Amino acid sequence: MHDENAPRRAATARLQHRLHLVRPSTSICPQDHGLELPGGSEHRSGERLNASVPLQLTLTGSVVSAVQHPPQVPLQILAGPGSGKTRVLTSRIAHLILHHHIPPTAICAVTFTNKASNEMRERLTKLIGTERTRALKLGTFHAICALFLRKHALVVGLSNNFSVCDADESKKLISRLLKPYQTFLEARDITLKEATVFSMISKHKYKGNTSTDVIAELRITKSKSDKENTGVQHKSRHITDEINSVVAEVYREYERALRKSNSLDFDDLLLFGLQLFTDHKESAGWCRHVLVDEFQDTNSIQYELMKTLAVSADQCLTVVGDPDQSIYGWRSADVTNLAKMKKEADFPSTESILLEENYRSTASILKASLAIVSQDKARLPKSLHTSHPSGSIPSLVSFATDQDEAAFIAHEIKRTAANMGGILKWKDFAVLLRFNALSRVIESALQKSGIPCRILGGHKFFERMEIKDLLAYLQLVDNPQFTPAFSRVINVPARGIGAKTITELELRAQKTNKTPLELVELIHGGRVPDIKPPIKRKIPSFVKTIQTLRDLAIDGSSPVDLIRRLVDLIGYEQHLKQAQPQDWESRWENVQELITFASEVEGDIIEMDDSEETRSTTPLRMFLQASMLSSEGDQSNGEDSNDKVTISTCHAAKGLEWPVVIVPSVEHGTFPFYRCDDVEEERRLLYVACTRAQCLLYLSHCGKRMVAGETKSVELSGFVSSVHHQDRTIFSDRAPELLPADRAVISRVLGRPEPKHVEVAKHVAELCVPASLICFTSLIIGVQQPNGTP
C-alpha cells in the first residue's frame, strides 16, 4: 500500500539529522554491496534484510558477544585502538533494531565528533537501510541537547529562537566584562586573559556548577583561607582566591549577558539539556536505549546526561571506550567515569567485554605501543594482539639538532615512498606533534624537499570570516537580542562605525533597556536622539538590510533567498574584493558553498511541509542551527582528497590512521609536556600517537632544540628511555631497510598490490638525495644509496 506520509517522514528525519551535525548519506541499498541484513524483515523501500550474515560470518568471538549482549543489561565495551569499535557499535545498533525490535526513533547514539557520526551513518545505511538510519537520534551531546531544547525551550526558561554563541564571540564578551577589573588585577600584578577566564568558566560548566554555585563555594574557601597563618603559602593562596573571585564575578555577568542576548554558549547546551531531561522527564520519554562512543572522554555533565537518558530507557545502556586513550583531561574529561558506572549505584549490574584484537597495526608497532602505556601501573590490565605479521621494528632515531631531525623526516618520507614503488602516496604519511609550534621547522623542510603538506584541523568552514559575517546578519534577523551578531555586522561592510561607537551604542541600549538593534532603528527613524559621535547618517543601509530580511523571513522566505538577498543588499562581493584583495575569489566561493548548504536544508524543509519540526520553528531558524552546530567534517572542501603529507597534533589525530607515522621531539618537556598536570595522560597521548601507525612508526629526538630563540639541551623522554633500556629489541636505532620482505608486509597490511621490482627501481632511481644528506642518512639508514654507494 502506498504510504503518502513516507516522503514527509523521510524529510523530517533528514533535517533532524542535519541538526544533529550529520549530513545525510546517499541512499545505499545493501544488496548493491553484497550484504544481507538482519531477520529477513522488509525495509520500506523493498530492501531485504537478513541479520544472520553480518553477525555470524563477519563478526567473531568477543565482537559477537558485544553485539548480541542483552539490551537490558548495561554494557561497557573496552575497545583498544584499531579494534573495530565503530563496526561493533553499528552492528549492535542494527541488532537492537532488527532482533529486539527497538524502533530507531527510540535509540540515542552519541558520538564525540561529526566525523564519527558520518562514518557511523554510512555503515548503518548499509546495514539497516536509509530510512531506519535517518530515524535514529544520532549526534554529539551538544547537538542532541540543542534539538530538544528547541522543541521544549519554554519549560527551561528559554525562547526557541535562542542563538548559539561560538567560542570566539564568547571570548570577545568576556574580554569586555574583564575590563572593569583591570585596575584591580594590575595593582596586584596579576595578568588574566579572556581565554583563561573562558577556560575556567567552561570547566565550571563541565562540572555542572553555575556562577551562584561557584561564588558560594569561593566564600567557604576564602573563609577557611583567612583563618590560616600568614606566609608564602598563604600569600599564594590569597592570589589564587583573588583570581577565582574575579572569574566568579565575570562568570555571573557572562551568564546575564548571554541570557539578555537570548543566547547559549556550547557548554550551556549541555547544562540546559540536563535541566530539561532531569526536570521534565517526559522530554526523554522516547528513549529506550542509549549508546555512547568514546566514553573515556566524557566529563561530569555528559555523564549525568547519559545517566538521565538511560534512566528513561530503564538502564538500557551501551558505552564504548578505552581508558588507555583518555587524553582530554585538560577539557575536564574524566576517565574515572568508566569505573563510576560500576562502583556507584548508577549502573551496578554493568558488564564489561574487552575487544583486544587490533586490525590496524603490525605486531611490532603494537609491542612498542603497549610497552609505553604499560608503564602506568595504575592502568586496567589489558592487552592487544593482531593477526598482522611483525613487520619492521619501530625506529627510534636521534639527531644533534631539530634542523637535522626535520631534514631527516623530509628525506625519509621521500625514501620510503620511492622504495615502496609508488604504492604509498604523500597522504599515507603523517607527522604527529605534541603541540603546533613544533611544525614550523618541519613544514620548512618539507617545502624545501618539494613535499606537499597540510595542517590537520585548519580553518573550519563555519568559522571562516565571510561565513560568520553572513550568519551573523541572519542571526540578528532571527534573534534581535543577540548583541554579538549586532557588534560583528554593524560595520560590515565598512560604514565608519568604530569600536568606540559600538561601545557607546551598547551602553545607551543598556541604560534605556533596549537592544542595540532596537536603539539603532529608533535613531534611524528619528524617534530618539542620536548618540555622540552621531551615527544617523551612517546606518540607513544597515537598517534597511535588517528590516528587508526580517520581512522576508516573516513571510517564510527560504534561507537560500535570504542569503542571496543579503549579499546583494550589502554588496558583499565588492566588499570582499576591497577588504580581502589577496583571496577574495576563494572567499566568494565559500559564500556560494554556504548557499549550496542552505539549498540542501531547504529541500528537506519543503518536503517536511507541516510536520512537528516546521510547526515549532522557522526555515531560517532550522538553517541557523544546522550551520552553527556544524563543522569541517560536515562541509568538506575536498582537501582530504589531495595527496599531501599530514601534519597534526597528537590530540587531533585521535581516531585516525596512516600507513606511516612519524612522532618527532619525543623528549622530556614535550612528552610529558612541561606544563602538564597529569603525567600519565601524557603517556597515554604518546600511546595514542603510536597506535595511529599501520605499517611504519618512527620516534625521533634531538640533543639540542631551539626554544623561544634559545638553543637548549634536551634528552629522550622517560616514556621511551625506560622501555628502551629494559628491552633493546622493541626499537631500532636505524630506519627500516624496506627490503622485498618489508614491502610484502606493508602491502599485505594495507591490502594493496605488492610493488613490482621494476617499479621500485624506477622510483628509487628518480630519488634525488642532496649531497649534504648522503653521509648523514646512510649512517641512520644503513642501506645502499641510489647510486649503489654503501
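Ala79 counts as buried, at 3% relative accessibility, where buried means under 20% relative accessible area, exposed over 50% and partly exposed in between, with a 1.4 Å probe and protein chains only. The model is predicted, and local features need pLDDT of at least 70, side-chain atom pairs count only at pLDDT 80 or more, and totals for chains, interfaces and linings use all residues. Residues are numbered from 1 along each chain as its sequence is written, and side-chain values use heavy atoms, with hydrogens and water left out.

Ala79 belongs to strand β1 (residues 75-79); helices (H or I, at least four residues) and strands (E, at least two) are DSSP runs, numbered from the N terminus. Beyond its neighbours within four places in sequence, Ala79 is in contact (heavy atoms within 4.5 Å) with Lys85, Val320, Gly321, Asp322, Gln325 and Leu355. Pro81 sits in the loop between β1 and α4 (85-98) and is likewise buried, at 2% relative accessibility. Residues up to four places away aside, Pro81 touches Asp322, Gln325, Asn358, Arg360, Leu384, Tyr687, Thr691 and Arg692.

Strand β1 is part of an open sheet of six strands, ordered β3-β2-β6-β7-β1-β8 with parallel pairing; two strands pair if DSSP finds at least two bridges between them. The edges are held by β3 (137-139) and β8 (351-355), each with a single partner strand, so one side of each has no neighbour in the sheet. Neighbouring strands are turned by 10° against each other on average, direction ignored; axes are lines fitted to C-alpha atoms, for helices over the stretch in contact, and angles run from 0 to 180 degrees between N-to-C directions. Strand β2 (residues 107-110) runs parallel to β3 and is joined to it by three bridges, with Val110 partnered by Gly139 of β3.

Helix α3 (residues 61-68) packs on this sheet, touching β1 and β8, and its direction makes about 145° with that of β8. Helix α14 (residues 300-312) lies across β2, β6 (289-292) and β7 (317-321), at about 155° to β6.

Finally, Arg705 in strand β14 (residues 693-707) is buried, with a relative accessible area of 7%. Its side chain makes a polar contact of 2.9 Å with that of Glu405; such a contact is a pair of N or O atoms within 3.5 Å, and within protein one must be able to donate a hydrogen and the other to accept it, while residues adjacent in sequence count only if both atoms are side-chain atoms.
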